[in-house]
Amino acid sequence: MRLVELTAAGNEASDLLPVHDAGLLAELGARRAYWTVLDEGPVEQCLALLVEQPDGQWRAEHVKADAGEHAGRTEDGEALARHDGWVYVLGSHFGSKAGPLRPKRAFVARFRESAAPRLEIVRHRFALHRAVNDALAALAVTGHPAAPEPVADAVHAGFVTEALRRGTAKGKRWTAQLAPGDHPVNIEGAAFTARGTLLAGLRWPVTAAGEPILVELTGLPGLFTGGTLDVAGVYALTGTGSGPLGVRALAARADGAYDVVVGSIDALDKGSILLEHHPHARHATCRHLRFRLPDAAGAGLIAPEPVADLAPLHHVEGVSEHDGHPVYVADEDHRIALWLTGP
């Protein structure tokens with residue numbers, strides 16, 4: 001692999017989504033370009049373009065977007081997905097390494113491709129958290145192998161109980177969406193399916209066997225017109241390696257399959273409640289896998305095919321293609337690490 005180091009606002013990058021709009025590519029003077037989302041700050045300050053110029057050189061451009069009335073009210077955008085002419089951005093819906101859950105991270109945004117996009121934003125007060133937890137709890141009752149491991153007391157206390165305490169003290173309505181026994185949900189990848197649903201890749205929780213979980217959601221575009229979310233399917237990725245492993249990146253392919261990167265359940269520095277509970281997970285490296293969804297949504301197991309072992313990389317957060325070969329973006333301190341494969 002060949003490393004290209006880039007910078008955009010002194011920040012790290014998550015996800016990698018090719019630009020489709022020919023007018024934007026022409027405006028950029030680009031052979032090709034990819035959207036990425038930067039880790040820190042409100043979403044309108046955290047979009048960037050990774051641009052390949054006609055001479056083969058790369059540059060990063062920090063994109064300033066307009067969030068309107070929602071300016072400054074979101075944080076921690078993690079996943080990008082394309083549907084019906086829109087680029088969607090999902091917040092992590094998580095919290096810091098020791099919790100609590102943060103309502104600013106429970107958002108979905110979307111925009112039309114532009115060098116200065118105008119964002120539509122839905123801050124849904126943990127509606128996604130509630131829908132996912134209800135679906136996972138139903139699987140746990142039946143003992144389904146895609147059900148998550150039981151939530152540890154320390155994890156629940158740090159993320160859910162503490163969020164409830166703070167929200168209750170401030171009279172926040174979103175506290176109604178959090179409940180005893182809930183898992184903190186950490187979204188790291190997203191891709192729309194051919195049936196119009198959104199496939200969300202979870203970095204946490206994982207199954208009782210330590211395998212990554214995918215959740216298929218209906219109604220995500222409808223959130224922007226007052227609709228509601230529901231869960232159509234929950235899938236565990238089996239045979240991915242010694243767990244626990246979570247989803248680090250997810251991308252839809254033109255042939256109907258999906259690329260997924262699996263790896264560590266949390267960042268390697270100190271202070272992670274998840275890594276305190278699973279200390280052996282600290283050394284997990286990333287793997288690139290490929291799979292297809294079942295023809296009908298539901299609950300099931302998916303055995304992906306291996307594409308590449310990305311060791312020793314720990315921080316791969318985006319996957320796409322470049323001239324028919326995989327391309328990855330990794331989260332590195334204060335820089336963007338773009339890894340190119342192929343000739």
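How many disulfides does the count come to? In this predicted model, the count comes to zero disulfides. A disulfide is a covalent bond between the sulfur atoms of two cysteines, and a pair of sulfur atoms is counted here if the two lie within 2.5 Å. As for individual cysteines, Cys 46 has a relative accessible area of 2% and is therefore buried, while Cys 286, at 0% relative accessibility, counts as buried too.

The aromatic side chains come next. A pair of aromatic rings is described by the distance of the centres and the angle of the planes, and the count for this structure comes to seven aromatic pairs. One of them is formed by Tyr 34 and Trp 58, whose rings are stacked, with 6.2 Å from centre to centre and 20° between the planes. This pair links distant parts of the chain, since Tyr 34 belongs to strand β3 (residues 32-38) and Trp 58 to strand β5 (residues 58-63), the two residues being 24 residues apart. Tyr 34 and Trp 58 are both buried.

Phe 126 and Trp 174 present another geometry: their ring centres are 5.4 Å apart and their planes stand at 70°, and because planes over 60 degrees apart count as edge-to-face, the pair is edge-to-face. Phe 126 is found in the loop between β9 (120-123) and α2 (127-142), whereas Trp 174 is found in the loop between α3 (153-169) and β10 (186-192), so the contact ties together parts of the chain that are 48 residues apart in sequence. Both of these residues, Phe 126 and Trp 174, are buried.

Aromatic residues also come together in a cluster, which is formed by Tyr 88, Phe 192 and Phe 224. Over the face of one of its members, Phe 224, lies Arg 110, at 4.3 Å from the ring centre. A further arginine, Arg 112, has its charged end over the ring of Trp 86, at 3.8 Å from the centre of that ring.

The salt bridge between Glu 61 and Arg 59 has its closest N and O atoms 2.8 Å apart. Here Glu 61 is partly exposed, with a relative accessible area of 28%, and Arg 59 is likewise partly exposed, at 23%.

In the salt bridge between Arg 292 and Asp 255, the closest N and O atoms are 4.0 Å apart. Arg 292 lies in the loop between β16 (287-291) and β17 (299-302), and Asp 255 in the loop between β14 (246-252) and β15 (258-263), so that this pair ties together parts 37 residues apart in sequence. Asp 255 is partly exposed, with a relative accessible area of 42%. Both residues belong to a network of salt bridges that links Arg 253, Asp 255, Asp 259, Arg 290, Arg 292 and Glu 321.

Key: Residues are numbered from 1 along each chain as its sequence is written. This is a predicted model: local features need pLDDT of at least 70, side-chain atom pairs count only at pLDDT 80 or more; totals for chains, interfaces and linings use all residues. Side-chain values use heavy atoms; hydrogens and water are left out. Rings of Phe, Tyr and Trp (its six-membered ring) pair if their centres lie within 6.5 Å; planes under 30 degrees apart count as stacked, over 60 as edge-to-face and the rest as tilted. Helices (H or I, at least four residues) and strands (E, at least two) are DSSP runs, numbered from the N terminus. Buried means under 20% relative accessible area, exposed over 50%, partly exposed in between (1.4 Å probe, protein chains only). A charge sits over a ring if NZ of Lys or CZ of Arg is within 6 Å of the ring centre and within 35 degrees of the ring normal. A salt bridge is a side-chain nitrogen of Lys or Arg within 4 Å of a carboxyl oxygen of Asp or Glu.
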